[in-house]
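Subject: Structure for your review, with notes on its pockets

Dear colleague,

I am handing over the structure below, and would be grateful if you could look through it alongside the notes on its pockets that follow.

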Amino acid sequence: MIVPSVPVNCQNCPHVQQSLLGACQHGELAFISGGKVHQSYHKGQVIFQQGSRANGLYCVHQGKIKVSKLSADGKEHIIRLVKEGDVIGYRSLMMGGSYSTAATALTDCVVCLVPRTDFFSLIEQNAQFAHSLMRLLAKALGEAEERMLHGSYKPVRERLAEALLLLYNVFRPATDEPFSIPISREDLAALMGTAKETASRLLSEFRDEGLVATQGSRITILNVDKLTYLAALYD
């Protein structure tokens, strides 16, 4: 198992100010700390499954996660990528039912779970937290609408550029050290909304054009400016 390094008190978490919980007061963070649990996941492990009961708010302490949804024909679509400081599961909690998506670890990760009762206590007691949650819901809705539009009119080559930029921003470390992105061709295709074969072919074209380098399932972005230009061609 992964050895987690999670602060006992949420106040000491390095990601708290950039997360939804940044709207909480010290006493509320202490309250959350008393009820939260943390769990370690290996790459590829499922954090929660689509259709399972929404039992809390997940806060990402370490690692990268994909949030995906299965269509009626069983095809996976990646809805969102999350990293340290992000929260997931809040929309299903607000709807009061089951998770409408699945969450799977893209890398080894550590996630804290805030029980649903504590989550709703924060909403009732802290207006700033409730407002931050509404802004987060509105942002997620806007991003979903944009993805839907791009999927309907943006050519697949431009969607690959857009997906690579998203991956670049999610996996980019805080320092300027070189890095590569561990992403399978299946996940890349699910993020683009296309077939694996199409994603692989276009990625090879990008490699030949000097936009990326590949080594196995790892991708290194070489030309961010050109990818940004391609991704915005049909905006």
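Helix H4 gives the largest share of the lining of the largest pocket, namely 12 residues. Please bear in mind throughout that this is a predicted model. The whole lining of the largest pocket comprises 42 residues, and those that lie nearest its centre are Ile79, Arg80, Glu143, Arg147 and Leu166. Besides H4 (127-153), the elements that give two or more residues to this lining are strand S5 (76-82), helix H5 (156-171) and helix H6 (185-192). The volume of the largest pocket comes to about 1,400 Å³, and by class its lining holds 19 nonpolar, 12 polar and 11 charged residues.

The second largest pocket, for its part, contains about 380 Å³ of space. It is lined by 18 residues, among which Ile79, Arg80, Tyr90, Arg91 and Ala140 are the closest to its centre. Two or more residues of that lining come from each of strand S4 (65-70), S5, helix H2 (90-95) and H4, and here the largest share is once again that of H4, with six residues. Sorted by class, the lining of the second largest pocket has nine nonpolar, four polar and five charged residues.

With kind regards

Definitions and conventions. Residues numbered from 1 in each chain as written. Predicted model: local features only at pLDDT ≥ 70, side-chain atom pairs only at ≥ 80, totals over all residues. Heavy atoms only, no water. 1 Å grid on protein atoms, 1.4 Å probe; cavity = no way out; pocket = protein on both sides within 12 Å on 5 of 7 lines; lining within 4 Å. Points joined across faces, edges and corners; volume = space filled by probe spheres on them. Helix = DSSP H or I, 4+ residues; strand = E, 2+ residues; numbered from the N terminus. Nonpolar A, V, L, I, M, F, W, Y, C, P; charged D, E, K, R; others polar.
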